[in-house]
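Q: Can you walk me through this one? Keep it quick, please.

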Amino acid sequence: MLRLAVTDADGRYTVGPLAAGTYRPVVYVGYGAGPWAPEWSGGATIYEGATAVTLKPGRAGTFSAALAPPSSIAGELVESDGSPAGEGWIGFVESTTGRHMGDFDVFGGNTFSPVTLPAGQFRIRLENVYTGEKAWYDGSSTEEGSTVVTLQEGEARSLTIHLPASAG
């Protein structure tokens with residue numbers, strides 16, 4: 001179950017009640033809500049690197065976050081020959097460990113709006129909503145052949161994503 005909280009005027013928040021257990025909290029400002037990258041407990045930019053917060057029965061736990069400037073990707077989707085791709089594609093941005101980090105869609109043209117991300121390494125998986133066809137950045141029909149995108153803190157990257165010759 002997803003639990004959300006909104007900060008108060010001093011930047012503090014409370015989430016709960018939660019069952020006793022171990023959690024890896026994430027701070028994420030949401031789409032278009034501010035110039036900050038997602039951050040997990042312990043200052044991690046990915047879930048796997050987060051510091052676990054363990055709650056004992058009837059007790060509270062705390063963690064602090066100092067959000068960093070966001071990185072982002074935006075760009076265009078093209079056929080293997082470089083011509084504009086048809087619409088109807090969804091892009092899924094995943095960490096190299098397979099965790100969903102963001103998504104975009106290509107409708108009404110062949111461009112997509114910026115996706116806010118933390119610094120790190122990502123794979124982009126594409127799926128055609130009309131045909132179910134899948135593709136990977138850049139021009140691959142398999143995850144193994146995909147190109148990893150590396151973003152530095154605060155980097156805004158514009159990508160041209162090529163579909164494989166068999167897609168589109």
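A: A definition to start: helices (H or I, at least four residues) and strands (E, at least two) are DSSP runs, numbered from the N terminus. Read along the sequence, the protein goes β-β-β-β-β-β-β-β-β-β-β-β. This is a predicted model, where local features need pLDDT of at least 70, side-chain atom pairs count only at pLDDT 80 or more, and totals for chains, interfaces and linings use all residues. Residues are numbered from 1 along each chain as its sequence is written, and side-chain values use heavy atoms, with hydrogens and water left out.

Q: How many helices and strands does that come to?
A: Zero helices and 12 strands.

Q: And what does the C-alpha trace span?
A: About 60 × 30 × 25 Å along the principal axes.

Q: How much of the protein counts as buried?
A: Of its 168 residues, 32%. Buried means under 20% relative accessible area, exposed over 50%, and partly exposed in between (1.4 Å probe, protein chains only). The protein exposes about 9,600 Å², with 51% of that supplied by carbon and sulfur atoms. Those areas come from the Shrake-Rupley method with a 1.4 Å probe; for residues, only the protein chains shown count as cover.

Q: What share of the contacts join residues at least 24 apart?
A: 62%, among contacts between residues at least 6 apart in sequence. Contact means heavy atoms within 4.5 Å.

Q: Now the core. Which residues touch the most other members?
A: Ile-73, Phe-104, Ile-124, Leu-126 and Ile-161, in a largest nonpolar core of 24 residues. S5, S6 (89-95), S7 (100-106), S8 (111-117), S9 (120-128), S11 (149-151) and S12 (156-162) each supply at least two residues of this core. A nonpolar core here is a set of buried Ala, Val, Leu, Ile, Met, Phe, Trp, Tyr and Cys residues joined through side-chain atoms within 4.5 Å.

Q: What is Ile-73 in contact with?
A: Leaving out neighbours within four places in sequence, its contacts include Val-93, Phe-112, Val-115, Ile-124, Leu-151 and Leu-159.

Q: And Ser-72, buried or exposed?
A: Ser-72 counts as buried because its relative accessibility is 15%. Ser-72 sits in strand S5, residues 71-78. Beyond four places in sequence, Ser-72 contacts Pro-114, Val-115, Leu-151, Glu-155, Ala-156 and Arg-157.

Q: Where is Leu-126?
A: In strand S9. With 0% relative accessibility, Leu-126 counts as buried. Not counting residues up to four places away, Leu-126 touches Trp-89, Phe-104, Lys-134 and Ile-161, among others.

Q: How far is Leu-126 from Ser-141?
A: 9.5 Å in space, C-alpha to C-alpha, and 15 residues in sequence.

Q: Switching to charges. How many salt bridges are there?
A: A search of the whole structure finds five. The criterion is a side-chain nitrogen of Lys or Arg within 4 Å of a carboxyl oxygen of Asp or Glu.

Q: Which side chain meets Arg-99?
A: Glu-48, at 3.1 Å, N to O. The pair links distant parts of the chain, 51 residues apart: Arg-99 is in the loop between S6 and S7, and Glu-48 in the loop between S3 and S4 (53-55). Arg-99 is partly exposed at 38% relative accessibility. Glu-48 is partly exposed too, at 34%.

Q: What about Glu-127, which side chains does it meet?
A: Arg-125 at 3.8 Å, and Lys-134 at 3.7 Å. Salt bridges that share partners join Glu-94, Arg-125, Glu-127 and Lys-134 into one network. Arg-125 is buried at 17% relative accessible area. Glu-127, at 25%, is partly exposed, and so is Lys-134, at 44%.

Q: Last one: which residues form the nonpolar patch on the surface?
A: Tyr-13, Val-15 and Leu-18, with about 210 Å² of accessible area together. Patches are made of residues with over 30% relative accessible area and no salt bridge; like charges are joined within 9 Å, nonpolar side chains (Val, Leu, Ile, Met, Phe, Trp, Tyr) within 5 Å. Val-15 lies in the segment before strand S1 (21-23). Val-15 is partly exposed, at 32%.
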